[in-house]
Amino acid sequence: MNEVAAGACGEKWAAMRTGATQPDGAQADGALLAGSPLDGSLASGPDSGRKRAAVEASGGKALLASLAPLLTEWLPRQRWFAGKGRPIGGFTLVSAAELLPCTGGGSTVGLLHLLVRVHQPESATDDAQPAGAAAAGDGASAVSGAADDGGAMADGRAADGATGTAGATGATGATGATGATGAKPSSATRTGQPPESSDCYQLLLGVLPPVPNRTTSRGPVMEVTAVLPPRLAHALVGRPASGPLRGLVLYEALADPRLATLLLERLRMPGTFGPLRFLREPGATIASGLAPRPLATEQSNSSVVYGDAYILKVFRRIAPGINPDLEVALALARAGCRRVPAPTAWFETTTTPGAPSGTQHGGRPTATGHGAGSAMGDGARSTEHGAGSATGHGARSAKEHGAWSATGHGAGSATGGGTAGSLPVARETLTLGLLQPYLADSTDGWQYALDHLTGAAGFARVTDFTEAAHALGQATAEVHLALARSLPTTALRRPQIERLTTAMSRRLDVVAGAVPALRPYRGALRAAFADLASLGATGRCWPAQRVHGDLHLGQVLRSARDGRWTLIDFEGEPASPLAERRRPQPVVRDVAGMLRSFDYAAAVATRSGRNGRSHPAGRAEDEAARLREWARSARAAYCAGYAATSGYDPRNDPELLRAYETDKAVYEVLYEARHRPDWLPVPLSAIQRLAGPHARSTT
Ligand SMILES: Nc1ncnc2c1ncn2[C@@H]1O[C@H](COP(=O)(O)OP(=O)(O)O)[C@@H](O)[C@H]1O
Ligand SMILES: O=P(O)(O)O[C@H]1O[C@H](CO)[C@@H](O[C@H]2O[C@H](CO)[C@@H](O)[C@H](O)[C@H]2O)[C@H](O)[C@H]1O
């Protein structure tokens, strides 16, 4: 099995395959496996393409083929997997790196870092646009120079409608394998194939070595007896039946304190490791020896808390470009805003434009196109960041973005055979993880609100929450003011408002196409967008700026000590393309998000009942009225707090607010359908109300 070695990367995988435990009990050769972790030089250099090609032909392909059945079964069960309800058609290996050697010869656990593109048949939901952001495009362009066609595609899809196969490059990986964007439905249909889309996910897998369980005259024999200890049983991914990791046990690495600790160590001592770069904010220090614990909470990514001092968020669905969670938090922290936990450290990788086709398993072969587009394929406007490393992401860096956006990732692959370097496609940073101070004495707003609503000890009075909501409005306004000072601002005039409302309507159509329960309300909901469009047509103009983008009660932390609110998670709507999330938008977008969240909390409390018990029939109505009143007073207090700090009361913009609330509820229908189907009735109950005859008057 050594014959595949061509370049260090290939050798590595060949060695792994040689050394991997054989099912027949043949002895693994530990010496072959004891090499140091993959060398950063593999990620670049003159012959990296040759190495990549070799690996694609060998280890990467075999690895992916062996992981495919496991991932097909395991991924849909993950909270963070955004493709629930659609079959998985295939995978592309975007990058692979051993943070710890993963072969079976040693006695210690391995750690495998993967970026894997998951191909799924297209559903109507894949066309869903984040309406608010799309509309601000013109304004954003005025600042950043980015072109705006009002039609950015969802993550993972090429922008060019003529693209027959998706553009493909990869994050520079230790395997050098590349990822492929999914083909657009229209083009795929043209090729006679069912349309598909794809998303790139970050996986961190622990690799458990086999244990010696037999001794012969030649020494101990490794057999496939590796079993996860009971404390990690829930983290099992599976056991590959073939390939370089054949017979080893793979599991979710973040569940294992040893492996979670290793990640923190990498962040403590910044540097390049294979395709990964670990960076630290200048001046920040990170203590060692902090015990990790995975966070068990409702979230779209995966987080680990270290010794109650730090929290590391490992992003799951990876899009090209700096993640706004890092970008915005850095900008705010560097501008002196104390309402966000200042980023301490982060890790990232870089896409490689023009790399050869990816290592693909399953799905259609055409999905690994040869275009010069990005493997991460965030649509035509996803290359905004240029080659800037995360260290260069200063508070004003957004003003410099946009230079490459007009080239469009999809464009290079229009022929299905764009050549590397033939287009000025920038290398892009992909933010993979973010370490921030952990606010141990805090409760997130969602829990805090539910405690009030369900009458948990000390939280019984409905009125208690209004004070907190007022303070939350003030905190939101403070952050908005700081964002307006630090990052680009613009104005939304008639054309942008038209685009905004068109995008909102389009998102409504797409989500209704995917979630039948939404369909009966479509016409009535559209009225909210039409009212805003009419106002825009009269010449009304709204300021736009960088905002949080997905503000809700789960994104705010309240200190138990002094009631102070902190805002977290500036990632924006995870289901929306990154380029759109980074656009200036009206602050009302965030306000609407929070107002929807008060409604969500009341609806969830209604569903679960006080203290988790259902109500006697006679009291159910009283209780529903109490919860409605809770949401109404929280809403009023929040807006009043916002006005007190900023001088702008969002309630004075009822059309804008209603349009954004409606759009948010539509987004929530899609989000819940994709991530938490059980929760779908929550946004649907709001949809009913927003579509009802009183909707205009209740804003
Ligand atoms: N700095 C922090 N301090 C304390 N808790 C935090 C911090 N950051 C996040 N959390 C907790 O983790 C949860 C998920 O974090 P979030 O950034 O929203 O993740 P995701 O983007 O995956 O949804 C939050 O609701 C909060 O409970
Ligand atoms: O926190 P994320 O950035 O991952 O946001 C996504 O997931 C949220 C749920 O975790 C989702 O928020 C919805 O549910 C919340 C309660 O769990 C509620 O507070 C929000 O108001 C509601 O929108 C969010 O929409 C989604 O983007």
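Which side chain has an N or O atom 3.0 Å from an oxygen atom of ligand 1? It is the side chain of aspartate 444. That is a polar contact, which here is a pair of N or O atoms within 3.5 Å.

Before I go on, some ground rules. This is a predicted model, in which local features need pLDDT of at least 70 and side-chain atom pairs count only at pLDDT 80 or more, while totals for chains, interfaces and linings use all residues. Residues are numbered from 1 along each chain as its sequence is written, chains are lettered from A and ligands numbered from 1 in the order in which they are written, and side-chain values use heavy atoms, without hydrogens and water.

Back to ligand 1. Glutamine 555 has a side-chain N or O atom 2.9 Å from one of the ligand's oxygen atoms, and glycine 554 brings a backbone N or O atom to 2.8 Å from an oxygen of ligand 1. On its own the ligand exposes 550 Å², and the protein buries 91% of that; areas are from the Shrake-Rupley method with a 1.4 Å probe.

The shell of ligand 1 holds 18 residues, counted when a heavy atom lies within 4 Å. Gln299, Asn301, Lys313, Gly554 and Asp569 are the closest. By class there are eight nonpolar, six polar and four charged residues; Gly counts as polar and Tyr as nonpolar in this scheme. Ligand 1 lies between domain 2 (126-164 + 440-691) and domain 3 (265-437), because both give residues to its shell. Those bounds come from an automatic or database domain assignment.

Now ligand 2. Around this ligand there are 16 residues, and Ser300, Asp550, Ser597, Tyr667 and Glu668 come nearest. Serine 300 has a polar side-chain atom 2.3 Å from an oxygen atom of ligand 2. For aspartate 569, a side-chain N or O atom is 3.0 Å from a ligand 2 oxygen, and for arginine 676 a polar side-chain atom is 3.0 Å from an oxygen of ligand 2. Alone, ligand 2 exposes 540 Å², of which the protein buries 97%.

Which elements give two or more residues to the shell around ligand 2? They are helix H15 (588-608) and helix H17 (654-675), helices being DSSP runs of H or I with at least four residues. H17 gives the largest share, three residues. The shell of ligand 2 has seven nonpolar, four polar and five charged residues.

Key. Polar contact = N/O pair within 3.5 Å; in protein donor to acceptor, adjacent residues only side chain to side chain.
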